[in-house]
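Please open the structure in your viewer and keep the selection tool at hand.

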Amino acid sequence: MPHLLALQHGVLRRDQAVAAGVHAPQGAPAGTRVLPNVYSVIPPPLTVEARWWAAVLYGGHDAALAGRTAAEVYGWLSADPRRPVELL
């Protein structure tokens, strides 16, 4: 789990948390809900990278960063935490 959290910048899907045995008292994963079924174990505000991961995890297995967000990932644009994350 530590490797996965490091890779995904502290963000994980509910099924990932449940599979790792990480639960809050009422059965929900421990952490802050970022999007439906996506949680962060790092305190807010989320880093730009964590926002990107949250969007991809929410989008599902076929999701990919697109447009300006992809340009930010590749360093073609400056990362802007106020800019919406674009997905395919």
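A residue is called buried if its relative accessible area is under 20%, exposed if it is over 50%, and partly exposed in between, with a 1.4 Å probe and only protein chains considered. The model is predicted, so to speak of local features requires a pLDDT of at least 70, and side-chain atom pairs count only at pLDDT 80 or more, while totals for chains, interfaces and linings use all residues. Residues are numbered from 1 along each chain as its sequence is written, and side-chain values use heavy atoms, with hydrogens and water left out.

**The whole chain**

Begin with a cartoon view of the chain, which shows four helices and three strands. Helices (H or I, at least four residues) and strands (E, at least two) are DSSP runs, numbered from the N terminus. Followed from that end, the order of the elements is α-β-α-β-β-α-α. Along the principal axes, the C-alpha atoms fill a box of roughly 40 × 25 × 20 Å. Of the 88 residues, 30% count as buried.

**First stop: histidine 9**

Select histidine 9, in the loop between helix H1 (2-7) and strand S1 (11-13). Histidine 9 has a positive phi of about 55 degrees although it is not a glycine. Its relative accessibility is 34%, and therefore histidine 9 counts as partly exposed.

**Second stop: the hairpin**

Now select residues 32-35, strand S2, together with residues 38-40, strand S3; the two run antiparallel and are joined by three bridges. Strands are said to pair if DSSP finds at least two bridges between them. Which residue of S3 is the bridge partner of threonine 32? The partner is serine 40. S2 and S3 form a hairpin with two residues between them. Select asparagine 37 in the turn, where phi is positive at about 65 degrees, although this residue is not a glycine. Asparagine 37 is partly exposed, with a relative accessible area of 45%.

Move on to the loop between S3 and helix H3 (48-59), which holds proline 45. Proline 44 and proline 45 are joined by a cis peptide bond, with omega of about 0 degrees. Is proline 45 buried or exposed? At 71% relative accessibility, proline 45 counts as exposed.

Leaving out residues up to four places away in sequence, leucine 46 touches Val34, Ser40 and Arg51; contact means heavy atoms within 4.5 Å.

**Last stop: glutamate 72**

Finally, select glutamate 72 in helix H4 (residues 67-73). Glutamate 72 counts as buried because its relative accessibility is 7%. Which residues surround glutamate 72 in contact, leaving aside its neighbours within four places in sequence? Display Trp52, Leu77, Ser78, Ala79, Asp80 and Arg83, with which glutamate 72 is in contact.
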